[in-house]
Amino acid sequence: KSVLGELAKARAMTTELVGEKRQLDEDGDGDEEPTPGATSTELVLKKPRCDEAPGALISAPGGGKLSVPGGSIPRTSDLAAPIMKLSGHLGEVLTGRFSPCGSFLATAGYDKEVLLWQVFGDCRNYCVLRAHNKAVLQLTWGVDSAQIYTASADKTLCAWDAEYGERIVRLTGHKSHVNSVASARGSRGILASGSDDCSCKLWDVRVRGAVQTLRTKYANTAVELSNDGQKLFAGGAP
C-alpha cells in the first residue's frame, strides 16, 4: 500500500511539472533554443569600416591592429589603412606595377596617362606622365626604380625618368599596337617589346632604333626577359 502511495505522488508531481512547462512555453517566458550552427563570434562581430582616411575601406582601431573575427592581425605597412582606393584615372586602368624599391606604384590605361603613387600614408599621386597618343597597354620599372618604360597602342614605347617626371626617349619601329614591354633586371635600359605586328624587338635606350627584331608567326601579347637578359620569352595568340 505504501508503494502504491509513493507511485501516485510521483505521478502527480510529474503531471504538475509538465503543466508548468507548457504554461511557460505559452507565455514565452522560457529560454529560446540557440540557432543551429551559429556561434557568438558570427552573431556579434562585424567587419570594421573606416571613414577617417580618404578612400579607406577598413581601419585598424587605434592605429595598431586590425580587428577580425577570432583575433587581430598586427599592422606592418605604413598605409593609412589596410585597404586604400586610388582614384585619378579617367578611363579603364590596364596596367600597374610596384617599383623594385617598394615605395612607389605606377598605373596606366585608356586615358593615355601614367600616374605615379606613393605606397605609404595616404598614397598621394605625386606625378602624371603624358606622351602617348593612345592607350598605354603595359608598363614596367627599371631595375633601380629610377626609370619607367611604357608600351602603347600608338605603336611606340617610351622611357621615362621616374624621379623628374620627364620622357627620356620615344622608341619607334613597330607597325601595330605594342602590347607588352619587359626590362632586363640585370642591365639598365635594356628592353624587350611584343606587338600585334608579329614581332618582338630588343632595345637599348642609349641606341637609336631596335637592336634586334625577332619575327613570330602570331601577334605577341606578352614578353619577358630572363634575369641575366640573355633569353627572351614571348607569348601570343593566333
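In which loop does Gly186 lie? Gly186 is in the loop between strand 13 and strand 14, where strands are DSSP runs of E of at least two residues, numbered from the N terminus. Gly186 is exposed, with a relative accessible area of 61%; exposed means over 50%, buried under 20%, and partly exposed in between, with a 1.4 Å probe and protein chains only. Gly186 and Val143 are 43 residues apart in sequence, yet 7.0 Å apart in space, C-alpha to C-alpha.

The model is predicted: local features need pLDDT of at least 70 and side-chain atom pairs count only at pLDDT 80 or more, while totals for chains, interfaces and linings use all residues. Residues are numbered from 1 along each chain as its sequence is written, and side-chain values use heavy atoms, with hydrogens and water left out.

**Core**

The largest nonpolar core has 14 residues. Such a core is a set of buried Ala, Val, Leu, Ile, Met, Phe, Trp, Tyr and Cys residues joined through side-chain atoms within 4.5 Å. Among the residues with the most contacts inside it are Leu116, Leu129 and Trp160. At least two core residues each come from strand 6 (104-109), strand 7 (113-118), strand 8 (125-130), strand 9 (136-141) and strand 11 (157-161). Strand 9 gives the largest share, three residues.

**Salt bridges**

The whole structure holds four salt bridges, each a side-chain nitrogen of Lys or Arg within 4 Å of a carboxyl oxygen of Asp or Glu. Three of them are listed here.

| Pair | N to O distance |
|---|---|
| Glu113 and Arg130 | 2.7 Å |
| Arg170 and Asp154 | 3.9 Å |
| Arg206 and Asp204 | 2.8 Å |

Glu113 is buried at 14% relative accessible area, whereas Arg130 is exposed at 58%. Asp154 is buried at 13%, and Arg170 is partly exposed at 29%. In the remaining listed pair, Asp204 is buried at 11% and Arg206 is exposed at 66%.

**Positive phi in loops**

Most residues other than glycine have a negative phi. Lys112 has a phi near 70° and sits in the loop between strand 6 and strand 7. Lys112 is partly exposed, with a relative accessible area of 38%. Cys198 has a positive phi of about 65° and is found in the loop between strand 14 (190-195) and strand 15 (199-204). The relative accessibility of Cys198 is 24%, so Cys198 counts as partly exposed.

Notes
Helix = DSSP H or I, 4+ residues; strand = E, 2+ residues; numbered from the N terminus.
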